[in-house]
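Student: Can you take me through this one? I'd like to start with the overall make-up and then go into the details.

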Amino acid sequence: MGFIKSRLFLWQIALAIVLSIVLLFLVSWSLTIYTRSGRIIMVPNVEGRLVNEIDEALANVELSYEINDSMYVNGARPGEIIAQTPAAGKQVKKGRTILLTINPYTREMVNMPQLVDYSIRNAQVVLETIGLRLGPIKYKPSEFDGLVLSQQVDGKDIAQNARIPKGTVVTLIVGSKMGQNYIGIPNVVGETLYSARMTLESSGFNVGIIEYDNDESKKHSNTAQVYKQEPVGGNGHSAPAGTQIKLYMTNDASLVVKQMVEE
């Protein structure tokens with residue numbers, strides 16, 4: 001009797017093992033049918049590359065691409081990929097089309113606006129709305145404190161409606177009753193370059209040298225954050241209006257957090 005029970009027990013164990021294997025196979029097969037797991041791949045990173053260089057890289061993983069937008073980025077090469085959707089590292093099915101935003105091959109021309117008598121902040125909004133960049137702000141003694149006295153490109157006055165390429169840097173000559181007026185420096189640690197530039201320039205400062213902690217951060221400069229600035233901002237720090245602020249950029253969040261804690 002004990003022998004029979006022993007054999008029955010062994011058969012039950014064997015049957016349980018077989019059923020488990022069959023169940024695992026069915027689950028795996030079902031997932032393959034449902035998600036086509038054998039066809040799921042990881043999207044490669046093509047940002048920072050020229051669009052005419054990625055055909056082979058995407059073809060190798062059976063992906064295609066489509067240029068759905070262009071955006072001028074100062075310093076980027078014509079045809080350089082600025083952004084991609086889905087982002088690098090995302091899992092997609094083979095055959096998926098990757099949507100790309102590239103730096104245009106030719107720069108669109110726009111009319112120079114009239115900024116005289118505008119405040120710095122209002123002038124900045126107007127420039128950015130039409131795709132121009134606010135450059136250095138130079139102060140000149142004047143009774144019209146804080147207002148634009150003249151506008152320049154490449155060191156020369158530029159008239160209203162003059163045709164210039166998008167992305168052109170415009171220098172503003174701004175009136176100041178105090179000449180070298182000392183004002184509080186904003187703390188821009190943790191901000192992106194675009195945000196930091198807006199904050200500093202709307203406060204009367206200029207962005208100076210931009211230094212990246214490594215090539216990877218420079219390559220992905222659109223997502224890099226300020227982890228250090230010179231002169232430092234906040235806590236009562238001040239400097240003459242128009243001072244250039246050096247920015248240190250990184251994509252390493254720990255550097256940003258460390259700087260914030262130290263402050």
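Tutor: We can go from the whole chain to the sheets, the helices and then some single residues.

Student: What kind of model is it, and how many helices and strands does it have?

Tutor: It is a predicted model. The protein has six helices and 16 strands.

Student: How much of it is buried?

Tutor: Of the 263 residues in the protein, 33% are buried. The protein exposes about 15,700 Å², and carbon and sulfur atoms supply 56% of that area.

Student: And the contacts, what share join residues at least 24 apart?

Tutor: The share is 73%, counted among contacts between residues at least 6 apart in sequence.

Student: On to sheets. What is the strand order in the open sheet of three strands?

Tutor: The order is β13-β16-β14, and the pairing is mixed. β13 (206-212) and β14 (225-230) are the edge strands, each pairing on one side only. From one strand to the next, the twist averages 30 degrees.

Student: How do β13 and β16 pair, parallel or antiparallel?

Tutor: β13 and β16, residues 244-250, pair in the parallel sense, over five bridges.

Student: Which salt bridge does Lys246 form?

Tutor: Lys246 forms one with Glu211, with the closest N and O atoms 3.4 Å apart. This pair links distant parts of the chain, since Lys246 is in strand β16 and Glu211 is in strand β13, 35 residues apart.

Student: How many salt bridges turn up in the whole structure?

Tutor: Six. One of the others joins the side chains of Lys228 and Glu230, at 3.7 Å from N to O. Lys228 is partly exposed, with a relative accessible area of 32%, and Glu230 is partly exposed at 33%.

Student: Now the open sheet of four strands. What's the order there?

Tutor: β7-β11-β8-β9, again with mixed pairing. The edge strands are β7 and β9 (156-157), and each pairs on one side only.

Student: How many bridges are there between β7 and β11?

Tutor: Seven, in the parallel sense, with β11 spanning residues 169-176. Within that pairing, the bridge partner of Ile137 is Leu172 in β11.

Student: Which helix lies across β7?

Tutor: α3 does. α3 lies across β7, β8 (148-153) and β11, and runs at about 155 degrees to β7.

Student: How does α3 sit against α4?

Tutor: Two packed helices are described by the angle between their axes and the distance between the axes. For α3 (residues 120-129) and α4 (residues 193-202), the axes come within 9 Å and cross at roughly 145 degrees.

Student: Which residues meet there?

Tutor: From α3, Ile120, Arg121, Gln124 and Glu128. From α4, Tyr194, Arg197, Met198, Glu201 and Ser202. The residues of this contact divide into three nonpolar, two polar and four charged.

Student: Which residues of α4 are buried?

Tutor: Leu193, Ala196, Arg197, Met198, Leu200 and Glu201. The buried residues of α4 pack against α3, β7 (133-141), β13, β14 and β16, so α4 contacts strands from both of the sheets we went through.

Student: Arg197 and Glu201 are on that list. What do they form with each other?

Tutor: A salt bridge, with the closest N and O atoms 3.7 Å apart. Both residues lie in α4, four residues apart, which is about one turn of the helix. An α-helix has 3.6 residues a turn, so residues three or four places apart point the same way. Arg197 and Glu201 are both buried.

Student: Last topic, Ile67. Where is it found?

Tutor: Ile67 is found in strand β2, residues 64-70.

Student: What does Ile67 touch?

Tutor: Leaving out residues up to four places away in sequence, Ile67 touches Val51, Leu100 and Ile102.

Student: Why is Ile67 called partly exposed?

Tutor: Because its relative accessible area is 41%, and the class runs between the cut-offs of 20% and 50%.

Student: And how far is Ile67 from Gln84?

Tutor: Their C-alpha atoms are separated by 9.4 Å, and the two residues are 17 apart along the chain.

Conventions
Residues numbered from 1 in each chain as written. Predicted model: local features only at pLDDT ≥ 70, side-chain atom pairs only at ≥ 80, totals over all residues. Heavy atoms only, no water. Helix = DSSP H or I, 4+ residues; strand = E, 2+ residues; numbered from the N terminus. Buried < 20%, exposed > 50% of the residue type's maximum accessible area, 1.4 Å probe, protein only. Contact = heavy atoms within 4.5 Å. Areas by Shrake-Rupley, 256 points an atom, 1.4 Å probe, with all protein chains shown as cover. Pairing = 2+ DSSP bridges. Axes fitted to C-alpha atoms, helices over the stretch in contact; angles between N-to-C directions. Nonpolar A, V, L, I, M, F, W, Y, C, P; charged D, E, K, R; others polar. Salt bridge = Lys/Arg side-chain N within 4 Å of Asp/Glu carboxyl O.
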